[in-house]
Amino acid sequence: MAWQWFHRLGSPRWFYQKTSVWMPWLALASVLLIGVGSVWGLGFAPEDAKQGNSYRIIYIHVPAAFLALAGYYIMAISGAIGLIWKMKLSFVVMRAAAPIGAVLTFIALFTGAVWGKPTWGTYWVWDARITSMLILLFLYIGVIALARAFSREQVADKACALLALVGTVNIPIIYKSVDWWFTLHQPATIKLTEKSSIDPSMFYPLLIMIIGFYCFYAWTLIAHTREKILQREWRTNWVQQLMQGESITTESKEG
């Protein structure tokens, strides 16, 4: 049963059909969670004793940074699945994840710079965390550029997947950079295996924002993937059906 589900997920037509139901719920959850988290964090969370109100940028910076890293794993794992099991949908997801990850990494770097000015007195330093995040942005851009560099789609898919896999070396370096090297960045305040050092009155709205960002990421990734599926599969019968305004049935023969 599990493998049947796995193989069904690899079908662009099956994915397109199933996700049409998920999209409105993901959009609703994103709006509600980000709305509640923003109002709570920016308007009602207490002022930090050392950083004042400038710390409130964490409600954008931290979720964006989390997803910049998680999104890279999604991109690399999708590429690996495409290389190993030859699933064409996985390559579509890999390509869809690249620009989203690049935007999130840029937001994390930009908000970090804005936060750094009142905290450290400068917008930018070449410390381990910031430098490895900049490399992450270049890796995302590299995958986007590779996808456009080859005229043959299959060759571009494989090249992007290989680059994405090589780049995974950078992810644990980003995670552990504040522990391995003495840098300006403070150690992680949100921990999965230990008690977080952030006060609950600040943590709860941040947690809501993180969950909201994950919902928004899922919505954006699915929407982008659906768009790319239509571009790749436009010659198939089911996409022609869809373009003519006809409903797609699971029994209809895939073109």
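**Questions and answers on the model**

Me: Leaving aside its neighbours within four places in sequence, which residues is L109 in contact with?

Reply: This is a predicted model, in which local features need pLDDT of at least 70 and side-chain atom pairs count only at pLDDT 80 or more, while totals for chains, interfaces and linings use all residues. Residues are numbered from 1 along each chain as its sequence is written, and side-chain values use heavy atoms, with hydrogens and water left out. Contact means heavy atoms within 4.5 Å. With neighbours within four places in sequence set aside, the contacts of L109 are W124, I130, M133, L134 and L137.

Me: Is L109 buried or exposed?

Reply: L109 belongs to helix α4; helices (H or I, at least four residues) and strands (E, at least two) are DSSP runs, numbered from the N terminus. A residue is buried under 20% relative accessible area, exposed over 50% and partly exposed in between (1.4 Å probe, protein chains only). Because its relative accessible area is 13%, L109 is buried.

Me: How many helices are there in the protein chain?

Reply: The elements of the protein chain, taken from the N terminus on, run α-α-α-α-α-α-α-α-α. The count of strands is 0, and the count of helices is 9.

Me: Which residues does the UniProt annotation "transmembrane region" cover?

Reply: UniProt positions are given here in the numbering of the model, with feature names shortened, and annotations may be inferred rather than shown by experiment. In the model, the chain over residues 21-45 is 96% helix and 0% strand, and the span 202-222 is 100% helix and 0% strand. The annotation comes from an unreviewed entry and covers residues 21-45, 57-84, 96-116, 128-147, 159-182 and 202-222.

Me: Why is the pair of Y72 and Y140 called edge-to-face?

Reply: Rings of Phe, Tyr and Trp (its six-membered ring) pair if their centres lie within 6.5 Å; planes under 30 degrees apart count as stacked, over 60 as edge-to-face and the rest as tilted. The structure holds 7 aromatic pairs. For Y72 and Y140 the centres are 5.4 Å apart, and the pair is edge-to-face because the planes stand at 70°.

Me: Which helices does this pair of Y72 and Y140 link?

Reply: Y72 is buried because its relative accessibility is 0%, and Y140 is likewise buried at 0%. The two residues are 68 apart in the chain, and their pair links distant parts of it: helix α3 (residues 58-85) and helix α5 (residues 128-149).

Me: What is the angle between the planes of F106 and F110?

Reply: F106 and F110 are 4 residues apart in helix α4 (residues 88-120), which means that about one helical turn separates them. Their rings form a stacked aromatic pair, with a centre-to-centre distance of 6.2 Å and an angle between the planes of 15°.

Me: Which residues does A97 touch, not counting residues up to four places away in sequence?

Reply: A97 lies in helix α4 and counts as buried because its relative accessibility is 0%. Its C-alpha atom is 9.4 Å from that of A76, a residue 21 places away in sequence. Not counting residues up to four places away, A97 touches G71, M75, Y140, Y217 and L221.

Me: What is the phi of K86?

Reply: Most residues other than glycine have a negative phi. K86 is found in the loop between α3 and α4, and it is exposed because its relative accessible area is 61%. Although K86 is not a glycine, its phi is positive, at about 60°.
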